[in-house]
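Here are a few friendly notes to read with the structure open beside you.

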Amino acid sequence: AKPLGFVPLWDSKIEESEDKEAGSAFCFEISHPDRRSFLLKAENAEEMQAWIKALREVVEEGYLEQKRKREAFWMERFPPKTKEVTWAD
């Protein structure tokens, strides 16, 4: 009833598991060099690919949102210096 926590996806890599041991069919991994990795298993290949695609989309959306926030931060503090240009007749 109460969540134990969450799986951080930002900057994570989502891919099929490299481990080909018996019983590991349809496994995929959420990994990051600085955080815990998670190994997940789907019921079949189609479900596994759907999960991988959906999770990658979340990672990409998060990346783009962070990029927008960084750009807004810097634009607010250091707006581009432009000069008004007037053209001679």
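Which residue of strand 3 does F28 stand opposite? F28 stands opposite L40. Please keep in mind throughout that this is a predicted model.

1. **Strand 2 and its two neighbours.** Let me begin with F28, as this residue has a partner on either side. Besides standing opposite L40 in strand 3, F28 is the bridge partner of E16. The pairing with strand 1 (residues 13-16) is antiparallel and rests on four bridges. With strand 3 (residues 35-41), strand 2 is again paired in the antiparallel sense, here over five bridges.

2. **How enclosed is strand 2?** Strand 2 covers residues 27-32, and five of these six residues are buried, so the strand is largely enclosed by the rest of the structure.

3. Most residues other than glycine have a negative phi. Two places in the model are worth a look with that in mind. D11, in the segment before strand 1, has a phi near 60°. D11 is exposed, since its relative accessible area is 55% and the cut-off for exposed is over 50%. F26 has a phi near 65°, also a positive value in a residue other than glycine. F26 belongs to the loop between strand 1 and strand 2, and its relative accessibility of 34% makes this residue partly exposed.

4. **A salt bridge between K13 and E15.** The structure holds four salt bridges, and I will go through some of them here. One of them joins the side chains of K13 and E15, at 4.0 Å from N to O. Both partners come out as partly exposed: K13 has a relative accessible area of 48%, and E15 has 24%.

5. Where do K53 and E57 lie? Both are in helix 1 (residues 45-77), four residues apart, or about one turn of the helix. K53 is exposed, at 54% relative accessible area, whereas E57 is partly exposed, at 39%.

6. **Charges at E76 and R77.** E76 and R77 form a salt bridge too, and their closest N and O atoms are 3.5 Å apart. E76 is exposed, with 61% of relative accessible area. R77, by contrast, counts as partly exposed, with 42%.

7. **A nonpolar surface patch.** Which residues make up the nonpolar patch on the surface? They are F73, W74 and F78, and together they have about 350 Å² of accessible area. F78 sits in the segment after helix 1. With a relative accessible area of 54%, F78 is exposed.

Note on methods:
Residues numbered from 1 in each chain as written. Predicted model: local features only at pLDDT ≥ 70, side-chain atom pairs only at ≥ 80, totals over all residues. Heavy atoms only, no water. Buried < 20%, exposed > 50% of the residue type's maximum accessible area, 1.4 Å probe, protein only. Pairing = 2+ DSSP bridges. Patch = residues over 30% accessible without salt bridge, like charges linked within 9 Å, V, L, I, M, F, W, Y side chains within 5 Å. Areas by Shrake-Rupley, 256 points an atom, 1.4 Å probe, with all protein chains shown as cover.
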